[in-house]
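Here's a friendly walk through one protein model.

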Amino acid sequence: MCSVCEGSAEGLVTRKRTHSGGGRTTGSKRKWHRRMGGLSFLIFFFIGSLFSGLMFALLSYAPSYRSRVTPHYLPDGRFLQIADEARVLEPYLSAAVRLPDSLNGTPAGKQQQTARSNEQEALSSLKVAVEMKLMGKDDKALRLFQHAMALSPRHPEILTKYGEFLEHSQQDIVTADHYYYQALTVNPSHSEALANRQRTASIVEHLDQKRFERLDKKRDALSSVHALDAGLKRAEKEAYIQHIYHSVGIEGNTMSLAQTRSILETKMAVDGKSIDEH
């Protein structure tokens, strides 16, 4: 029995030594794997940084290259036509800020003469228009005011008088306020235009505010309608048909709204129309 016990003890000692040796081997392998993993991470990090740097350099270089080869589609400054603006503003510009004669389409003397004659005729029409207004002949006065505006559209006196006519005779205070503003743009010291503008500005602002409130109410009412509502579906369908009808009508299509609706709803051709119009 003692020999058996001694054999068992020796076997246990041998197993412990074997396990301890295997544990040392496994620990060294783990350390080696950790070192290799850290080295692999450093290698991948270095490669990624290098790739990012190269891509950043390429992207930074590409826009400058495109900007050098992109053609310029805008015309040169000498081809820009500003003669029309010069002819309109010439009578109201001081001598110090007038454009040189080389930029105008006509000689300076002829241009000034035409502007003066137009202004004189416009002022004559304005005088007659005011008389027609006082006599109660608004139709004739309106045509004369429009004629004066066509001849001299930026004359402050014409703008002011026409605005007063629209405000008091036509009840169009918004357009009148716009003309007062234009008159003050040309001549900020015009007393009548300034007084009229001070009177109409607050009224027009109040009208605009009321219009915005109505638009907000309509927007809220439309937003409250459910997307599956039958009425909304019909309105969307009608808007879609109207959009197609007017779009093809602009391109020269001669189909009526009913024919367009029939094609969209039935997917069938209509009589008397060519294939191109379908």
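## A lysine in helix H8

Let's start with Lys-233, which is found in helix H8 (residues 230-250). The helices here are DSSP runs of H or I with at least four residues, numbered from the N terminus. This is a predicted model, where local features need pLDDT of at least 70 and side-chain atom pairs count only at pLDDT 80 or more, while totals for chains, interfaces and linings use all residues. Residues are numbered from 1 along each chain as its sequence is written, and side-chain values use heavy atoms, with hydrogens and water left out.

Is Lys-233 exposed or only partly exposed? Its relative accessibility is 43%, so Lys-233 counts as partly exposed; that class sits between buried (under 20% relative accessible area) and exposed (over 50%), using a 1.4 Å probe and protein chains only. If you skip its neighbours within four places in sequence, Lys-233 is in contact with Ala-227 and Leu-228, where contact means heavy atoms within 4.5 Å.

## Where H5 meets H7

Two packed helices are described by the angle between their axes and the distance between the axes. For helix H5 (residues 156-168) and helix H7 (residues 191-223), the axes come within 10 Å and cross at roughly 35 degrees. Those axes are lines fitted to C-alpha atoms over the stretch in contact, with angles running from 0 to 180 degrees between N-to-C directions.

Who makes the contact? On the H5 side you'll find Glu-157, Thr-160, Lys-161, Glu-164, Glu-167 and His-168, and on the H7 side Glu-192, Ala-193, Asn-196, Arg-199 and Thr-200.

## Rings in pairs

A pair of aromatic rings is described by the distance of the centres and the angle of the planes. Rings of Phe, Tyr and Trp (its six-membered ring) pair if their centres lie within 6.5 Å; planes under 30 degrees apart are stacked, over 60 edge-to-face, and the rest tilted. By this rule there are three aromatic pairs. In one of them, the rings of Phe-145 and Phe-165 have centres 5.0 Å apart and planes at 35 degrees, so the pair is tilted. Phe-145 is in helix H4 (residues 138-151) and Phe-165 in helix H5, 20 residues apart. Both Phe-145 and Phe-165 are buried.

Tyr-162 and Tyr-179 make another tilted pair, because their centres are 5.1 Å apart and their planes at 40 degrees. Tyr-162 is buried, with a relative accessible area of 8%, and Tyr-179 counts as buried at 16%. Phe-145, Tyr-162, Phe-165 and Tyr-179 form one aromatic cluster.

Technical notes. Helices (H or I, at least four residues) and strands (E, at least two) are DSSP runs, numbered from the N terminus.
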